[in-house]
Amino acid sequence: ERVYAPPWTTDWMTDEAREKLREYGIAPPAAGAGGLVQLELGDGLACPYCGSRDTRLDSAFGATACKALHFCRECRQPFESFKAI
């Protein structure tokens, strides 16, 4: 049995990695401040295409359990967000 310690966290993502997710059309997780991270799963998450916060959560789960589905009311684009873990 393998033990991975410390466990991987989205806090380890670089700014470059977060920008690449945004460019691909996935809203990256917010950078944590050590400790608990506030998940942005509700309405008002910034759209990775136009930056608008006029968005809505369509589903807490996307193609994988680590993503959620959203819709931007401004540019009318659906997008996924990457959940912080």
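# Strand pairing and salt bridges

User: Which residue stands opposite serine 81 in S4?

Analyst: Alanine 68 is the residue opposite serine 81 in S4. Helices (H or I, at least four residues) and strands (E, at least two) are DSSP runs, numbered from the N terminus.

User: What am I looking at, and how is it counted?

Analyst: This is a predicted model, where local features need pLDDT of at least 70, side-chain atom pairs count only at pLDDT 80 or more, and totals for chains, interfaces and linings use all residues. Residues are numbered from 1 along each chain as its sequence is written, and side-chain values use heavy atoms, with hydrogens and water left out.

User: OK. Do S3 and S4 run parallel or antiparallel?

Analyst: Antiparallel: S3 (residues 67-72) pairs with S4 over five bridges. Two strands pair if DSSP finds at least two bridges between them.

User: How many residues of S4 are buried?

Analyst: Four of the five residues in S4 (residues 78-82) are buried, which leaves the strand mostly covered. Buried means under 20% relative accessible area, exposed over 50%, partly exposed in between (1.4 Å probe, protein chains only).

User: Switching topic. How many salt bridges are there?

Analyst: Five in the structure, counting a side-chain nitrogen of Lys or Arg within 4 Å of a carboxyl oxygen of Asp or Glu.

User: Which residue does lysine 20 bridge to?

Analyst: Glutamate 16, at 3.4 Å from N to O. The two, lysine 20 and glutamate 16, are four residues apart in helix H1 (residues 15-24), so about one helical turn separates them. Glutamate 16 is exposed, at 53% relative accessible area.

User: Which residue pairs with glutamate 19?

Analyst: Arginine 22, with the closest N and O atoms 2.7 Å apart. Both glutamate 19 and arginine 22 lie in H1, three residues apart, again about one turn of the helix. Glutamate 19 is partly exposed at 34% relative accessible area, and arginine 22 is also partly exposed at 34%.

User: What about arginine 56? Which partner does it meet?

Analyst: The side chain of arginine 56 meets that of aspartate 58 in a salt bridge of 2.6 Å, N to O. Arginine 56 is partly exposed at 30% relative accessibility; aspartate 58 is partly exposed at 44%.
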